[in-house]
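Have a look at the model first.

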Amino acid sequence: MAGFTVSRAYYAMFYVAETLLAEQGLDLSKHSAVISKFGQVFARQSLMDAKFYRMLIDAQERRLIGDYRATEELTSTKL
């Protein structure tokens, strides 16, 4: 269940980042491109606190564990 929850939280964050970039005229859909450009546009230019960029990166890493590495267990200490 934790993997499902982490995945849904990540996708919510991803879609927010994708939408914010679209409002800047940037139409990206590949996860790595969205995350990278989000950092360039919002974190590096201080348009948004850089902690949100870090949270997006961390959420993607946790989603990958939850979705693709069933042998690794997500616990509250990893969340």
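## Ground rules

This is a predicted model, where local features need pLDDT of at least 70, side-chain atom pairs count only at pLDDT 80 or more, and totals for chains, interfaces and linings use all residues. Numbering runs from 1 along each chain as its sequence is written, and side-chain values use heavy atoms, with hydrogens and water left out.

## The core

The largest nonpolar core has 12 residues, among them Tyr10, Phe14, Val34, Ile35, Phe38 and Leu56. (Such a core is a set of buried Ala, Val, Leu, Ile, Met, Phe, Trp, Tyr and Cys joined through side-chain atoms within 4.5 Å; buried means under 20% relative accessible area with a 1.4 Å probe, protein chains only.) At least two residues of this core come from each of α1 (2–23), α2 (31–43) and α3 (50–68), helices being DSSP runs of H or I, at least four residues, numbered from the N terminus. The largest share, 5 residues, is from α2.

## α2 against α3

The axes of α2 and α3 come within 9 Å and cross at roughly 165° (lines fitted to C-alpha atoms over the stretch in contact, angles from 0 to 180 degrees between N-to-C directions). The two are therefore roughly antiparallel, the label for angles over 145 degrees. Beyond its neighbours within four places in sequence, Ile35 is in contact with Tyr10, Tyr53, Leu56, Ile57 and Gln60 (heavy atoms within 4.5 Å).

## α1 against α2

Here the axes come within 10 Å and cross at roughly 60°, so α1 and α2 are oblique to each other. Residues of α1 including Phe14 and Leu21 meet residues of α2 including Phe38 and Phe42.

Key. Buried < 20%, exposed > 50% of the residue type's maximum accessible area, 1.4 Å probe, protein only. Parallel < 35°, antiparallel > 145°, perpendicular 65-115°, else oblique.
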